[in-house]
Amino acid sequence: MNTKISPLQTLTIGLMLLAMFLGAGNIIFAPLVGQQAGQSSFVPMSAFLLTGVGLVLLAIIVLARAGGRVEPLSDRVHPWFSRGFCALMFLALGPLYVIPRTGSVVYEIAIKPHMEVSADASRVILLVFSTAFTALTIYLSLDTGKLVNRLGKLITPVFSVLLLLIIGKSLITPMGTPQDPVEPYLSGAFLKGFTEGYFTMDALAALVFGGVFIQSIRAVGVTKPSEITKVFIKAGIITVIGLSLLHISMAWIGASSVEAIGYLDNGGAVLAESSRYLLGTAGVVAMGVIVFLTGVTTNIACLSSVSEYFGNTMPSISYRVWVYIFGAAGLLFTNFGLEIVLETAIPLLMFLYPLAITLILLVLCNRLFSGYQSVYVGAMIGAGFIAVFDAVKSAGFFVEQIDSALGFIPMFLQGGGWIIPALIGAGVGYLVARLRKEQPRSYEPRPEAATPAPQTASPAGHPAAN
């Protein structure tokens with residue numbers, strides 16, 4: 001039976017998707033873009049929205065075609081590629097990036113603004129706080145029950161109201177006027193904004209947590225794959241509009257804040273100090289409490305998901321043991337501080353995002369090239385080859401040598417050098433497929449193929465994108 005849902009139900013699903021991407025972890029990037037780009041924020045923010053928001057919708061669409069699981073999509077390239085790609089995504093989702101990012105953001109917004117201590121003392125306080133924060137996360141991740149789910153449903157509207165208060169106050173009584181752009185937005189602003197959108201990790205999180213979306217649609221009686229896709233497109237548009245307005249508003253706060261609070265090192269500090277300026281101490285305290293609670297629910301979602309994935313992949317190690325392992329690893333990386341967490345994540349994201357974007361676009365265009373595996377392989381080789389060099393360069397190794405050797409590739413110096421090689425690889429793959437007379441492949445999902453997402457994947461209604 002396939003039930004037609006009402007516009008109100010579609011709106012509800014769209015708001016649910018929006019809530020899943022709304023959190024402290026992914027709202028700290030647009031304020032920094034706004035501060036640094038100033039009067040020229042439109043160009044980098046347009047590109048930021050492509051990767052930080054637009055890809056989310058595309059990821060939802062392709063996942064709807066794959067029954068809500070990323071593995072069938074990455075298997076189109078090769079099972080070995082699928083294992084490596086998915087493992088890296090989950091590790092980035094967990095201890096390598098999102099978990100330490102969340103803990104660091106919570107510290108920057110909820111704890112640090114209330115202290116005036118030396119750098120050494122701040123590091124000690126971060127260690128004490130992050131240890132307690134991680135211990136709480138581990139404890140709740142061992143049994144993700146109704147308490148966490150209810151907490152997540154309560155936090156989202158409160159967090160939304162607080163953000164609206166800050167945004168509204170910044171529009172009614174601006175902190176200042178946007179300044180002239182500074183580095184790194186003096187040149188190549190579009191591609192810089194494009195790669196900045198990687199840091200939200202919303203597109204990768206959408207790939208990982210797509211099953212949660214599928215469940216929400218199937219729960220209201222929609223089971224036909226084509227209808228699921230239609231519902232997701234409509235609900236996804238609602239989500240995209242909401243996220244776009246959110247990031248644009250955050251960029252405005254950053255752009256208008258320089259006169260009041262000066263240039264700061266990270267978006268978390270920009271948001272915290274802007275809250276203080278706009279709403280006073282009460283605003284900082286309220287923001288800190290909400291950020292703390294959203295941080296707990298986000299880290300539970302991340303920790304439980306990555307632990308379950310590796311528990312299923314390597315069943316010789318239990319879920320509980322993985323929780324302790326990844327919790328400890330996240331704690332270690334958290335104590336390097338938010339700036340270092342973000343900086344060290346650049347190579348991983350510069351490698352993963354080109355692969356993810358290429359995969360998403362290939363799935364969307366599957367019918368155009370008859371689903372030939374050689375096209376998938378060729379495109380991934382082209383994108384992956386350049387992505388490796390981008391990752392190495394972003395880590396600070398052989399920068400001049402790599403730029404000198406590969407600078408002739410269009411957009412390479414701005415981080416978009418993988419695009420042309422991916423297209424060339426896809427074209428070569430198509431020729432190979434025709435010469436080898438590969439059989440066309442269709443990936444039309446069947447209703448029974450849709451696999452419900454793990455319950456631990458979103459215990460609080462907040463995926464790792466937050």
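Welcome to a predicted model, in which local features need pLDDT of at least 70, side-chain atom pairs count only at pLDDT 80 or more, and totals for chains, interfaces and linings use all residues. Residues are numbered from 1 along each chain as its sequence is written, and side-chain values use heavy atoms, leaving out hydrogens and water.

**The chain overall**
- The chain has 19 helices and zero strands, taken as DSSP runs (H or I of at least four residues for helices, E of at least two for strands) numbered from the N terminus.
- Of the 466 residues in the chain, 56% are buried.
- Contacts (heavy atoms within 4.5 Å) between residues at least 6 apart in sequence join residues at least 24 apart in 83% of cases.
- The structure holds zero disulfides (pairs of cysteine sulfur atoms within 2.5 Å).

**Helix H14**
- Helix H14 covers residues 267-313 and spans only 36 Å between its end C-alpha atoms, whereas a straight helix of 47 residues would span 69 Å (1.5 Å times one less than the number of residues).
- A kink of about 135° in H14 is centred on Leu279, the bend being the angle between axes fitted to the seven residues ending there and the seven starting there.
- Asn266 caps the N-terminal end of H14, with a side-chain oxygen 3.0 Å from the backbone nitrogen of Gly268.

How values were computed. Polar contact = N/O pair within 3.5 Å; in protein donor to acceptor, adjacent residues only side chain to side chain. Buried < 20%, exposed > 50% of the residue type's maximum accessible area, 1.4 Å probe, protein only.
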